[in-house]
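Student: I have a structure to read and would like to learn how to take it feature by feature. Could you guide me through it?

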Amino acid sequence: MGNELSGVVEAAGPGVSSFAMGDRVFARVDKDVMGAFAEYAVVDEDHAARMPASLDFPSAAAVPLAALTALQALRDELHLSAGQRVFIPGGAGGVGTFAIQIAKGLGAHVATTASPRGEALVKRLGADVVIDYTRERFEYKLSGYDCAFDLLGGDTLARLWSVLRPGGRVVSIAGMPEPVTARKDLGRGIGLAALFWVASLTTRLRAARHGLSYRYLFMHSSGADLADLASRIEAKKLEVVIDRVFPLAEAKEAMAYLETGHAKGKVVLTMS
Ligand SMILES: NC(=O)c1ccc[n+]([C@@H]2O[C@H](COP(=O)([O-])OP(=O)(O)OC[C@H]3O[C@@H](n4cnc5c(N)ncnc54)[C@H](OP(=O)(O)O)[C@@H]3O)[C@@H](O)[C@H]2O)c1
């Protein structure tokens, strides 16, 4: 198990030119291999980058999966630009805390949802509008947004169409995968694309009814994108928010805590 890590390079394979023994790196490991919950892991050279010098190992390990997902969704799929308005439901969690900051860094206006437990955090990270999802329904408060980055799926995704203007775009990481997910993100053929076409039909029809596009993103490992994130962290434009740190021996407890769905920022495992 384990999608992401930070650590010190112990050995480099033949042909590796970017890293050498002793380098401090962080990475989102190959999604077909995983294995980051361990003292040693194998990482593809193209999936790693040098850790930001200002971060310790737990903070660096908290970056790759969530921050890459946020960056790739907002920059590459939603093409978010200065002055646009983006709705990011669920902003207080692992992906959300990075997404709010990256969207603000791109010059966008950001609305998010959080409970009273997460309100101060998402405001500090730059959210312009915060709706308390335990008391208010966001679809009654927001309208005319250019795009949405859905982190929750389910009932939230089912209700967010009316928040957007016609022609708006929705990218979800928690809803239903669709044919582009199969082809572009997973490199799979017509079989899986057809399956996802059927599975996402209701979601895509709802989007089309509102004149919107819908895309389910499965993020990809990228050392180049990680290096971009490292420079944002070094420039103090991106803060890493950690909720709790567990020793590796308590990985089960850490996963159970994460599964409560109430983490504020990231949950990290340490080796010592
Ligand atoms: N497709 C991909 O490539 C990809 C990549 C990474 C993650 N994911 C998925 O993306 C989802 C989000 O990941 P994550 O790591 O950000 O999750 P997370 O850290 O577990 O999110 C927890 C946060 O969500 C908030 N929350 C829960 N229910 C909410 C609601 N109804 N409205 C608003 N906020 C709510 C919680 O706030 P309160 O405690 O205040 O309720 C908590 O702060 C997960 O399903 C994950 O599996 C997908």
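This is a predicted model: local features need pLDDT of at least 70, side-chain atom pairs count only at pLDDT 80 or more; totals for chains, interfaces and linings use all residues.

Student: How many helices and strands does the chain have?

Tutor: Helices (H or I, at least four residues) and strands (E, at least two) are DSSP runs, numbered from the N terminus. The chain has 10 helices and 11 strands.

Student: What does the radius of gyration say about the chain?

Tutor: The radius of gyration is taken over C-alpha atoms, and the globule rule is 2.2 Å times the number of residues to the power 0.38. For 272 residues that rule puts a compact globule near 19 Å, and the chain, with 19 Å, agrees. Its C-alpha trace spans about 55 × 45 × 35 Å along the principal axes.

Student: What share of the residues of the chain count as buried?

Tutor: Buried means under 20% relative accessible area, exposed over 50%, and partly exposed in between (1.4 Å probe, protein chains only). Of the 272 residues, 50% count as buried.

Student: Where is Ile 88, and is it buried or exposed?

Tutor: Ile 88 is in strand β4, residues 85-88, and is buried, with a relative accessible area of 0%. Contact means heavy atoms within 4.5 Å. Leaving aside neighbours within four places in sequence, the contacts of Ile 88 include Ala 99, Ile 100, Val 110, Phe 149 and Leu 151. The C-alpha atoms of Ile 88 and Asp 150 are separated by 6.0 Å, although these residues are 62 residues apart along the chain.

Student: Which polar contacts does the side chain of Thr 97 make?

Tutor: A polar contact is a pair of N or O atoms within 3.5 Å; within protein, one must be able to donate a hydrogen and the other to accept it, and residues adjacent in sequence count only if both atoms are side-chain atoms. Thr 97 is in helix α3, residues 94-105, and is buried at a relative accessible area of 1%. A polar atom of its side chain lies 3.0 Å from the backbone oxygen of Gly 93, and the side chain of Thr 97 also reaches the backbone oxygen of Gly 94 at 3.2 Å.

Student: With which side chain does Asp 23 make a polar contact?

Tutor: The side chain of Asp 23 makes one with the side chain of Arg 50, at 2.9 Å, and a polar atom of the Asp 23 side chain lies 2.8 Å from the backbone nitrogen of Ala 20. Asp 23 is in the loop between β1 (4-8) and β2 (24-28), and is buried, with a relative accessible area of 17%.

Student: How many residues surround the ligand, and which are the closest?

Tutor: A residue is near a molecule if one of its heavy atoms lies within 4 Å of it. There are 21 residues around the ligand, the closest being Ser 115, Tyr 133, His 262, Ala 263 and Lys 264. A polar side-chain atom of Ser 115 lies 2.3 Å from an oxygen atom of the ligand, and for a polar side-chain atom of Tyr 133 the distance to an oxygen atom of the ligand is 2.3 Å.

How values were computed: Residues are numbered from 1 along each chain as its sequence is written. Side-chain values use heavy atoms; hydrogens and water are left out.
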